[in-house]
Structures are given as structure tokens and as C-alpha cells.
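Dear colleague,

My notes on what was found in it come after.

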Amino acid sequence: MNSKPLPTLQELAGQNLLRNEALAIIALESLPKLLLPQLFKQAYDGNHVKVLRTLVSSWPFPRLPLGAVKKRTPYLETQLQVVLEEIDKLLIREVHPREYKLQVLDLRSVGQHYLDVWPGSMDDWLPKATPVDPCCSKIVMTYPLKVAVDLHLKGRGQSRLFSYLVQWAERRKGLLQLYCNELQVWAPSHQNFRKLSQMVNLEYVETLGLHSSCSPAFLLNLAPYLRRMTNLRKLALSNIREENFISPEKRRRIVTRFTLQILKLESLQKLHLEAVCFLEGHMDQLLGSVKTSLDDLAVTHCNLSVSEWSHLPEFPCVSQLRQLNLGNVRLAGLSPEPLRVLLVKAGPTLVTLDLEDCQLEDSQLYAILPALSRCSHLTKFSFYGNQISMPAMKDLLYHTTSLIYLRLELYPVPQDSYDYHGIPHLQRMQQHCDELMKLLKTIREPGRVFFGTDRCDQCCNRYIYGKTIMCNCRRPY
């Protein structure tokens, strides 16, 4: 059965109009302007080049959310080139028709809709536009045109879109300005940041991701660029390791200079650290340099020392967390007290808690249960991959009685469901999971609840009871 929704009357009218481009262009002069965003989308999707050019040349709205239209097609396809070329022609003209109001060309695909043609919350991060006198029959273009973009730069090469935008900005210097809201860089280097800083206003970057670097010395050269990101709200570091040996003295110097810049990020709200081997042993220094109250902290796939783990709840930045993710941080053998204190501190504000694959055991769970039961605003709790027995699982569910806002609950299959070789016993697992689900329904109204096994040692897949198929690596009973 085809679940594709039927087209609206407006969409059908647009399809009919676009069958004859010449008539469509004539009709544009009399069409209500509120119909133009839908027609623009249809002309773009249908590659009606002449109609696209006409629409862009007299665009009557302050915004053109081009990213929302092109997000399902490759960068720099014909339609995108047509739109950018038409805007480029308008940039070099001194006087424009009264209808033309374009101030922001938004190339971002996330959080955009093709009907977002008026200024709104999606533009709060941009500098304010200069108002235009509506009484003028002709207007002088308000420069520069703001081009908003999210940039994902991988390796030494640059995306075709970024290369085009850089050349465009150089060619029309003073007529348009690039504004980057989210910047994700793989294998970051001083060279790509230097080029980027010449073309983009770094002070408007709100999200920065640095990924896959085997030369952590780049953090030394990051300082002047990070200093300019005064509105940075989210910083994510992943897979930062050292391929060649770095002396302890140089490592300390790199970390110290990097954390000095973190100290100056007065708007930072989210910090994600994933597999940052280079920073292991220096987490105290890094988290201690964060002077804002974070609402989102993720420390995942990291090895924490006893000292780092003990000091984690002491930092002021963790006192008002809404999201806490410690996935794949092995906590077996470590004291549960830091986690208990952390839950007590963040309990009144915590909405999401991810303790997946932390290898927690029964004794550690019992230590944190009272604090966990007071996280009254929790909506998501991920607890897969912990070594919990059936009796302890029952106690865990009883302690969620007051967590009435839980909408997604991910629990481990009890250890009693495995044989001596660590292979799930299907019949036993079914009995345990059904019993736990029945118990939960007597305690409160559950949301979406899933029970998952430990990850397979060979393929790393996790079997979700009643939802997925057991991998071939594990022999079913």
C-alpha cells in the first residue's frame, strides 16, 4: 500500500502551472506572493530553470531557505547553480525592483523548512539586518548579503560547495558575507583553519566539531581561531590520538594551551568528548577549565583514571546538566560514589541519562538507586550493556516508580539469562524479560521499553528482545 500523501490543491495548481514555463513566468506577476515558496520548491524539484531564474530575480521575502529545498539532492546540481548565478547577477546591480527583498540566503539543511521565508528564531545567531524604507519604489541593495551555511570539511580536500562559496566570497568581496553556524572538521590543520578564517566570520560559529586527528599538536595552533568563536555553544572532540610519540612535557603544554582557550568560552553549553585518547589523564584540567554551567556533557569511549573519575562531580560545570552520556566508559571496579554524587547534583535538571556499556555491576547499581529515583524529570534512560542480575533489575524498576516522564527505557537482559559461555539462553531470556515487563506495568505506565543483550564479542551487534534477530555468532538454544 502506498503511504505517500496526496498532493494539496496548491501543489496540483503549481504542477499544472509549470507545465508551460512561458505562461508560468507571465503568471508570476499576478500570483499572491504567499504562493511563491511552494512554487519555488516545485520549480527546483522539477528543474524548471527559467521559472527559477524569474522567481529569484524578484524574490519578495527576506529569506531564501535554499538548504531546505536542496537537501535531498547533491551539492551544485543544475538548479543550485542557477539560483546562485541569479543571485550573483543581482549582487553587482546597484538598483533592484521594489519586490526584491532578499537579505539572507540560508544553505543549511538541518532545522530548515522551505516555508521559512520570514526572519525568525533560526536567524537569532546572525547580525541584524538594516531596515529598508518601504516607501521607495526602487531600493538600493543592503550589503552584504548574508549567506548562512553549515560546513563539513573532511581531510585536506574541501567540499565542492565550500570551494564555490569561498571563490564567490572572494569575487564579490564586500557584497556578500559567509556566516557559518556549525563547523565540523575532520583531520583539522592550521592550513584549513587559516583559509576558513579569512572567508567566514568565526565569531558566529555556535557548534564546532574536531574529528579524527592523529597529530594533536594542531590544538596548539587552534588558539587564535578558538579565541574568535565568542558565541561557541557546543564543542565536540572525537578520535583525537597521537600516532607518533609525544613527550609528557609537550603533551602538558598542548593541553594547557588548549584549556586556556576553553576557559574563555563564556557561552559554552555542550561538551562532547569521544575517544579522546590524547586527553586521557588530563580530563580534570579540561573540565576544570569550563566556567559555564553545561546542559549537555558526553564523555564516551574513554578510559578514566581513578582520580579523574573521583573529581568528575566536583566541577561546577556539571551541576545543572540536562543530558549526561557516559557510554562506553568502563566503570567496573571504580567506586560508584562519584556517579551517585553526580546524579544528586544534576537530578533536578537531568532529562537524558546514558550509561550504556559501562559494565556496572549489582553493587554499583544499588549504590546509585536512591539518587537515580530522584531524577524526576528523566525522559530517556539508557542502561544497556551492564552486568545486572534479575533481582537487581527488579529493584531498579521499583526505583523508577516516581519517574513518570520516562518515554524511552533501555535495559540490559539480566545476567541470569546467559549460560556459562556468555551466550544468551533464548527461553530463559524470554521468561525474564516478560516477567520484568509485567512487573513494570504494575509499577507505573511505561513508555517505550526495550531489553538488550551485551554486545557480541565477534560482530559487536546487540540483540534487542522482541525487536531484532540474534546474530549468527551466538548459537541459539
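The model is a predicted one, in which local features need pLDDT of at least 70 and side-chain atom pairs count only at pLDDT 80 or more, while totals for chains, interfaces and linings use all residues. Residues are numbered from 1 along each chain as its sequence is written, and side-chain values use heavy atoms, with hydrogens and water left out.

The interior. A nonpolar core is here a set of buried Ala, Val, Leu, Ile, Met, Phe, Trp, Tyr and Cys residues joined through side-chain atoms within 4.5 Å; buried means under 20% relative accessible area, exposed over 50%, and partly exposed in between (1.4 Å probe, protein chains only). The largest nonpolar core has 139 residues, and F40, I87, L183, L297, F381 and Y411 touch the most other members. Contact means heavy atoms within 4.5 Å. Leaving aside residues up to four places away in sequence, F40 touches L52, L55, V56, W59, L64, L66, V69 and V83. There is also a second, separate core of six residues, among them V104, L126, A148 and Y204.

Helix α3. Helices (H or I, at least four residues) and strands (E, at least two) are DSSP runs, numbered from the N terminus. Helix α3 covers residues 36-45, and nine of its 10 residues are buried, so the helix is largely enclosed by the rest of the structure. F40 is one of these buried residues, and the others are L36, P37, Q38, L39, K41, Q42, A43 and Y44. Their cover includes α1 (9-18), α4 (49-57), β1 (63-64), α5 (66-70) and α6 (78-91). After α3 comes N47, whose phi is positive, near 60 degrees.

The strands. Two strands pair if DSSP finds at least two bridges between them. Strand β6 (residues 176-186) pairs with β7 in the parallel sense over five bridges, and V185 has L210 of β7 as its bridge partner. Six of the seven residues of β7 (residues 207-213) are buried, so this strand is largely enclosed by the rest of the structure. Strands β7 and β8 run parallel and are joined by six bridges, with K234 in β8 as the partner of T207. Strand β8 (residues 234-240) is in turn joined to β9 by five bridges, again in parallel, and L235 has L271 of β9 as its bridge partner.

Residue F162. This residue lies in helix α7 (residues 160-171) and is buried, with a relative accessible area of 2%. Beyond residues up to four places away in sequence, F162 touches L151, L153 and L196.

The cavity. A cavity is a set of points, on a 1 Å grid over the protein atoms alone, where a 1.4 Å probe fits but cannot get out; lining residues have an atom within 4 Å of a point. The structure holds one cavity of 30 Å³ or more, and the largest cavity has a volume of about 40 Å³. Its lining consists of M283, D284, L287, V299, L304, E308 and L312. Helix α11 (residues 283-288) gives the largest share of that lining, three residues.

With kind regards

Terms used: 1 Å grid on protein atoms, 1.4 Å probe; cavity = no way out; pocket = protein on both sides within 12 Å on 5 of 7 lines; lining within 4 Å. Points joined across faces, edges and corners; volume = space filled by probe spheres on them.
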